[in-house]
Amino acid sequence: PADITWQLDGNGLLTISGRGRMWNYQADTAPWHERRAEIKRVRIESGVTQIGNYAFMDCMNLTDITIPNSVTRIGARAFQSCDKLISIVIPNSVKNLDYAFEGCFDLTSVTIPASVAVIKANTFKGCMALSDIWYAGSKAEWQEILIADVSLDENGKADGMILKENNHETDAFPNITIHYGREDVGLSVHFRNAGGESVANLDNQRTIRPDISLVDPDAPGGMELVNLFLAFYDENDMMVSLESWEVDISNPLNIVWLQTLEIPDEAESMTVMVLSDELAPLRAARML
């Protein structure tokens, strides 16, 4: 692994920085393990490419974690028994989920990118409060995700029996609502910089311009208005700015261009949410 450093401040913020992979730890060998009760928030900075096995296991007061798009792997049992973790956003660089959140009793919401191809069967075992999974792809893409009960190699290949159920919602995720971000919702949201170029993260951006379009006029059941919310957060995940629009999407042939926004200097991440005219959630995503 490359040179990875960590710092825990007096407010309970653990910052992991550097370039390359974290070590794969054992249950009690992470360097911050003895101070795990002090950890309330974890911020992993861009450049870190792997969250090691058991990295934050038993961080019983951890409520929030920020994971950058540089992370391609979340290790086995990385967040096991983080009792107070309420929600997690998986970056779109991650392809496999491997037992990472077992025993997170208060976990209620998980955002999973369309890049994920394999979910270990017990990834959310014991997450009794989990009620919503926000999946960035379509329902058809969700049905193609492999649910596996064996260990995976770095390419996501399993060396034993595979469990792949056709009804993922009923068999693998009972009592959990899966929210889809493509096709069945029919909404497309993109972001561009001042030069009109498409952007996927906030790195080195000072302005951003969203556009939204209805790519499938039949999907939302004749919906004409949606509400778009952009919330910007600082390095401590405190909201610093909130922007919102009511958007007319009645003409599916047109893209609705919204005004260019100045990104707050202190902004480190942005949450995007699209709600129906009755304020029912349609899409949610995190951009770093």
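Student: Is Cys104 buried or exposed?

Tutor: Cys104 counts as buried because its relative accessibility is 0%, where buried means under 20% relative accessible area, exposed over 50% and partly exposed in between, with a 1.4 Å probe and protein chains only. Please keep in mind that this is a predicted model, in which local features need pLDDT of at least 70 and side-chain atom pairs count only at pLDDT 80 or more, whereas totals for chains, interfaces and linings use all residues. Residues are numbered from 1 along each chain as its sequence is written, and side-chain values use heavy atoms, with hydrogens and water left out.

Student: How many disulfides does the structure hold?

Tutor: A disulfide is a covalent bond between the sulfur atoms of two cysteines, and here the term stands for a pair of cysteine sulfur atoms within 2.5 Å. The structure holds zero disulfides. For Cys104, the nearest cysteine sulfur belongs to Cys82 and is 5.1 Å away, while for Cys127 the nearest is that of Cys104, also 5.1 Å away. Cys127 is buried too, with a relative accessible area of 9%.

Student: In what order do the strands of the parallel sheet stand?

Tutor: Strands of a sheet pair through backbone hydrogen bonds, either parallel or antiparallel. Strands are DSSP runs (E, at least two residues), as helices are (H or I, at least four), numbered from the N terminus, and two strands pair if DSSP finds at least two bridges between them. Four strands form this open, parallel sheet in the order 8-10-12-14. Strand 8 (87-89) and strand 14 (177-180) stand at the edges with a single partner strand each, so one side of each has no neighbour in the sheet. From one strand to the next the twist averages 15°, an angle taken between N-to-C directions, from 0 to 180 degrees, of axes fitted to C-alpha atoms. Within the sheet, strand 10 (residues 109-112) and strand 12 (residues 132-135) run parallel and are joined by four bridges, with Ser109 opposite Asp132 in strand 12.

Student: Why can strand 17 be called largely enclosed?

Tutor: Strand 17 (residues 225-233) is largely enclosed by the rest of the structure because seven of its nine residues are buried. Nine bridges join strand 17 to strand 18 (residues 239-248), and the two run antiparallel; one of the paired positions sets Tyr233 against Met239 in strand 18.

Student: How many aromatic pairs does a search of the whole structure find?

Tutor: Rings of Phe, Tyr and Trp (its six-membered ring) pair if their centres lie within 6.5 Å, and planes under 30 degrees apart count as stacked, over 60 as edge-to-face and the rest as tilted. The search finds seven pairs. Trp32 and Phe56 form a stacked pair, because their ring centres are 5.5 Å apart and their planes are at 20°. Trp32 lies in the loop between strand 3 (20-21) and strand 4 (41-44), and Phe56, 24 residues away, in the loop between strand 5 (48-51) and strand 6 (64-66).
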